[in-house]
Amino acid sequence: MTISERQDELLEELNLFQDWTERYEYIIGLGKKLPPMDQSLQTEDHLIKGCQSQVWLDASLVDGKMHYLADSDSLITKGMIALFVRILNGQTAQDVISTELTFIEKTGLKEHLAPTRANALTLMAAQMRKCALEAS
Amino acid sequence: MSFDEETAVRLARRPRWHYREGVSALDPNAIRQDFPILSREIHGKPLVYLDNAATSQKPFQVLKTSRDYYEEINANIHRGVHHLAQAATTAYEAARETVRAHLNAQSVEEIVFTSGTTDAINLVASVLGRSGKINAGDEIIISGLEHHSNIGPWQILCEQLGISLKIIPVREDGTLDLAIYETLLTDRTKLVSINHISNAFGTVNDVNSICHLAKQVGALTLIDGAQSIAHLSIDVQDINADFYAFSGHKVYAPTGIGVLWARRDLLEELPPWKGGGEMIKEVSFEKTTYNDPPFKYEAGTPNIEGAIALAAALNYVNNLGIESIHSYETHLIQELSSILSSIPEVTIYGPHDRSGAISFNIKGVHHYDLGTLLDQMGFALRTGHHCCQPLMARFGITGTLRASVGVYNTIGEVHALGEALERALKMLR
């Protein structure tokens, strides 16, 4: 599936929910299911700067595809980064760099979050793209 | 926001007391009718506003006062000879008298209008720094419970004058260690600046003893009353401090207005702060003479509407009775405390006899996550460090979740918070 197709699929899933509390519950669930990130990777180097809660991100290129690992001390933040991981894992670095992440706007997530948290979403997206640039 | 005036008058006349088994109590449901914002829904849920330590909501009596001021008597004060200028001046000076009476200050000359507590503390720091009363090698004492507003101004002064800051440590129960405070007091201590109630933990400090001890070494005292003004009866003569500061917006008045109470002889003796209109007696390019207090410290056009609306807010509080408000809010806080205590792995900060606010964390759960989910359910609580990073560091935490009450909160809301917390925790565990 392409990045765009995965974004559409995610939007469809999130739209199934009646309200934001349920959507958060789903996002938190995605966070809980995120593959564990080794403690040794949770270092200052991997910290996304500027987020209120701590978010660690590591990226590597496996068989020409991007592979992301992430964790956070906040379950909601972890769920949000899980959305990105789900969309971008297994894509080529070139695709990650060239595809617009429109789902953030389309879910309404950004308007719904406190400004500090909405800003964290932008920072996460930028960091994931930066990792792809460095890998390519 | 618009409201029907007839309704306003009717509501204003409605008694807010009801008597039950000989015990009088506030009627929160009647009080709630005074606050238009409380009928709002947030994310489709009724608003439960529990962030009163950050700012309070405003009753229509205050909103109407602000609006009436602009619709009927708006003019610049003190200098004008025309009718409106006199009406605005009379209302502004009457507001000063209302504040004086509320604090039991000796005279209106001791009441300086500022933009808030932060502004008032900066005023004191700035003028003390130029007064010659504090010199290199001297010390200022604050506490580990202070808001950044009662830390920053003194740190600026420390850099300027080469003085140092001494900190009264916070004990495990969130109270100040007054035994250590006594050992910090020396003849080098020139000022002690402490909050009356901690915004982060709700700890009520024994300001009378703190001031009494400071005076024995000849130190000046400043009490940051930002959190106490809405919850406690304040008597500046009884506390016997030299300065007392508070913000209007914490006590149902608009933002941008606050008060510095200071002993009159100090206000006369200390140098001016900001230069400008109103604070001068006579100006020439060679020499300017300054006005008498409080005008000496009110340079420029003040927040006239804010001062008048602050008086309306204090009148609102006094109509209900600050003692009744205090006992009602204590009941709410105690109920919150017992609900929170029943949550497994909860840590509640601060002493049991706290006032206004209760701060807590739940093991393994980020306070931001709880705050975000509670927001989805219509609850406004504060998460984070509450502008008290040194205090958070003392307890080894990055922040807490804080619920803080006002006169319009109900026991029903407290119970609803308990249920919402239970639901949020199910999602997060």
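This is a predicted model: local features need pLDDT of at least 70, side-chain atom pairs count only at pLDDT 80 or more; totals for chains, interfaces and linings use all residues.

Modeller: Residues are numbered from 1 along each chain as its sequence is written, and chains are lettered from A and ligands numbered from 1 in the order in which they are written.

Biologist: What is the mean pLDDT of chain B?

Modeller: The term pLDDT stands for the predictor's confidence in each residue, from 0 to 100. In chain B, 94% of the residues reach 70 or more, and the mean pLDDT is 93.

Biologist: Over which residues of chain B is the pLDDT below 50?

Modeller: Two residues are in contact if their C-beta atoms, placed from the backbone, lie within 7 Å. The stretch in question has 18 contacts in the model beyond near neighbours in sequence, and it covers residues 7-24 of chain B.

Biologist: Which element gives the largest share of the side of chain B that touches chain A?

Modeller: The contact takes 12 residues from chain A and 11 residues from chain B. Helices (H or I, at least four residues) and strands (E, at least two) are DSSP runs, numbered from the N terminus. On the side of chain B that touches chain A, the elements giving two or more residues are α13 (367-376) and α15 (411-428) of chain B. The largest share, five residues, comes from α13(B).

Biologist: What is the order of the elements of chain A from the N terminus on?

Modeller: Chain A has seven helices and two strands. Read from the N terminus on, they run α-α-β-β-α-α-α-α-α.

Biologist: Is A:L121 buried or exposed?

Modeller: A:L121 sits in helix α7 (residues 115-135) of chain A. A residue is buried if 20 or more other C-beta atoms lie within 10 Å of its own, exposed if 12 or fewer, and partly exposed in between, with C-beta atoms placed from the backbone. Because A:L121 has 20 C-beta neighbours inside 10 Å, it counts as buried.

Biologist: With which residues is A:L121 in contact, leaving aside its neighbours within four places in sequence?

Modeller: A:E13 lies 108 residues from A:L121 along the chain, and their C-alpha atoms are separated by 19 Å. With neighbours within four places in sequence set aside, the contacts of A:L121 are A:M80, A:I104, A:L109 and A:K110.
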